[in-house]
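Me: I am new to reading protein models, and I would like to learn how to go through one feature at a time. Could we begin with the backbone and then move on to the sheet and the side chains?

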Amino acid sequence: AEPGLEGPLKASLLDEADAVGCWEGDHVAAIVFPTAGTLPVLKKVAEQDKLVVMVNPQWQGGQVVSDFGIGPWKKKNEEFVDSFEWVYFCRQVRINGDVTIVQRSYPNKWQVHVEDSKGERPCVSIEESRPSYARLEEILRAIPGSNSSKSLGDRLVSEWNFNIDSLQNPPDN
């Protein structure tokens with residue numbers, strides 16, 4: 001064990017409805033499934049001189065109605081959350097019908113993978129920072145054959161055909 005990080009951890013439940021748990025020791029704290037509603041507790045923990053680990057935060061940024069409030073409260077909460085370093089991140093997002101995976105494993109850079117017609121997911125871009133939605137769209141438009149590189153009309157026809165095929169050939173679950 002890393003010196004100073006050993007020892008017992010005190011477990012507590014911060015929000016039973018959302019299953020937000022906290023394990024705290026003298027020099028380390030881990031908060032699992034933190035939500036925007038548990039930010040006040042997370043801020044108090046982070047004020048202490050200890051390593052703080054967040055596992056699977058449940059908030060979403062960039063929304064019109066933010067999980068972090070409005071106005072100056074939103075800005076302060078976003079700045080606090082952004083002060084943490086992502087050590088592992090993996091999220092799938094569908095953009096214009098393109099299945100896109102953004103991932104990072106510390107200390108490596110951010111990777112963007114896109115599912116191709118064979119179902120493979122090659123890395124198509126390496127980024128210094130977490131790519132925004134607009135940056136992901138830009139990357140996708142540059143990939144020949146991607147849905148994002150097609151015209152709006154072609155994308156609509158592709159989506160229509162996908163939906164028809166899905167209805168006619170439901171998956172075997």
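This is a predicted model: local features need pLDDT of at least 70, side-chain atom pairs count only at pLDDT 80 or more; totals for chains, interfaces and linings use all residues.

Me: Which form, cis or trans, does the peptide bond from Tyr106 to Pro107 take?

Reply: That bond, running from Tyr106 to Pro107, is cis, and its omega is near 10°. Pro107 belongs to the loop between β6 and β7 (110-114).

Me: How should I read the sheet, and in what order do its strands come?

Reply: In general, the strands of a sheet pair through backbone hydrogen bonds, and the pairing is either parallel or antiparallel. Here 4 strands, in the order β5-β6-β7-β8, form an open sheet with antiparallel pairing. The edges are taken by β5 (88-95) and β8 (123-127), and because each of these has a single partner strand, one side of each is left without a neighbour in the sheet. Direction ignored, neighbouring strands of this sheet are turned by 20° against each other on average.

Me: How many bridges join β5 to β6?

Reply: There are 8 bridges between β5 and strand β6 (residues 98-105), and the two strands run antiparallel.

Me: What separates the C-alpha atoms of Leu156 and Asn96?

Reply: Leu156 and Asn96 are 60 residues apart along the chain, while their C-alpha atoms are separated by 9.2 Å. Leu156 is part of helix α4 (residues 152-168), and at 54% relative accessibility it counts as exposed.

Me: How many disulfides are there, and how would I decide?

Reply: The step to take is to look at the distance between cysteine sulfur atoms, because a disulfide is a pair of them within 2.5 Å. By this rule the count comes to 0 disulfides. Cys90 is in no disulfide, as the nearest cysteine sulfur, that of Cys123, is 12 Å away. Seen from Cys123, the closest cysteine sulfur is that of Cys90, and 12 Å is too far for a bond. Cys90 is partly exposed, with a relative accessible area of 46%, and Cys123 is also partly exposed, with a value of 36%.

Me: How many salt bridges are counted?

Reply: To find them, you look for a side-chain nitrogen of Lys or Arg within 4 Å of a carboxyl oxygen of Asp or Glu, and the count comes to 8 salt bridges. One of them joins Glu79 to Lys75, with the closest N and O atoms 2.7 Å apart. Because Glu79 and Lys75 are 4 residues apart in helix α2 (residues 71-82), about one helical turn separates them.

Me: Which parts of the chain do Lys109 and Glu128 link?

Reply: The side chains of Lys109 and Glu128 meet in a salt bridge, at 2.7 Å from N to O. This pair links distant parts of the chain, since Lys109 is in the loop between β6 and β7, whereas Glu128, 19 residues apart from it, is in the loop between β8 and α3 (133-141). Lys109 is partly exposed at 43%, whereas Glu128 is exposed at 63%.

Me: Which residues are joined with Glu127 into one network?

Reply: Glu127 and Arg135 form a salt bridge through their side chains (3.0 Å, N to O). Through salt bridges that share partners, Glu127, Arg135 and Glu138 are joined into one network. Within it, Glu127 is buried, with a relative accessible area of 11%, while Arg135 counts as partly exposed at 26%.

Note on methods. Residues are numbered from 1 along each chain as its sequence is written. Side-chain values use heavy atoms; hydrogens and water are left out. Two strands pair if DSSP finds at least two bridges between them. Axes are lines fitted to C-alpha atoms, for helices over the stretch in contact, and angles run from 0 to 180 degrees between N-to-C directions. Buried means under 20% relative accessible area, exposed over 50%, partly exposed in between (1.4 Å probe, protein chains only).
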